[in-house]
Amino acid sequence: MLVTAAAGVCGLLGLAGGTVAADASGTCGVRGRSYAVVEDERVSRGITATLISVVQPQIGDGLVAAWVGVGGPGQGRDGQDAWIQVGLSVFTGGVTALYFEIKRPRTGPEYTEIQRDVAVDTRFRIGVREDAARPGWWRAWVNGTPVSAAVGLPGSSGRWHPTATAETWRDEPNECYRFAFRFERVAIATSRSRWAPLVPGERYRDPGYRLRFMTRSTFLVSSP
């Protein structure tokens, strides 16, 4: 099960001007779930990015994932968990998959695999977007095509800050994983028809990640 970025993050990473490379963590990572997160400073109707796995991931008994999305634990109506995300996931064995996941209030997360055995350096333009005609209803998109049905997430419209996130889960602390995901030309929906480049706001990084900005809207999240 993949979860959205708001859970388990345990450190704010300030990158002056959004272009300074972050120092690598001194460890390979913590046991359980951990995250590296870049959040846009604005509330938005959606987020899009080109996502690439630039090395062959190597993991132990766990997972690595990277995605864009909105929502998170406690962010739905009445404090319910709610989110939608789309990205790449790698489970034990090192096979990379393109997926989307939806978490409706009072139900479990729904993980859907779109494509399996994704090769290194394959580029996907991924995103989630609020329906222009139905506030609070969202879809996941890949390469300009919707890959999910519209899903209603009460309490989401006009409230959520979109994020670009990497996640790992480890059964053992300091088990060294190898991964590198590049998020290119990250943009958010500022209206029903307009997109604007990412304006980085809150940035978080647990141990076991390196976060390096090439431009304000393009960055690499990798293992140390």
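Biologist: In what order do the seven strands of the open sheet come?
Modeller: The order is S6-S5-S4-S3-S11-S1-S14, with antiparallel pairing; strands here are DSSP runs (E, at least two residues) numbered from the N terminus, and two strands pair if DSSP finds at least two bridges between them. Please keep in mind that this is a predicted model, where local features need pLDDT of at least 70, side-chain atom pairs count only at pLDDT 80 or more, and totals for chains, interfaces and linings use all residues. Residues are numbered from 1 along each chain as its sequence is written, and side-chain values use heavy atoms, with hydrogens and water left out.

Biologist: Now the cysteines: which ones form a disulfide?
Modeller: Cysteine 28 and cysteine 176 do, with their sulfur atoms 1.7 Å apart, where the cut-off for a disulfide is within 2.5 Å. The pair links distant parts of the chain, 148 residues apart: cysteine 28 lies in the segment before strand S1 (32-40), and cysteine 176 in the loop between strand S11 (163-170) and strand S12 (180-189).

Biologist: Why is that disulfide right-handed?
Modeller: Because the torsion about the S-S bond of cysteine 28 and cysteine 176 is about 60°.

Note on methods
Helix = DSSP H or I, 4+ residues; strand = E, 2+ residues; numbered from the N terminus.
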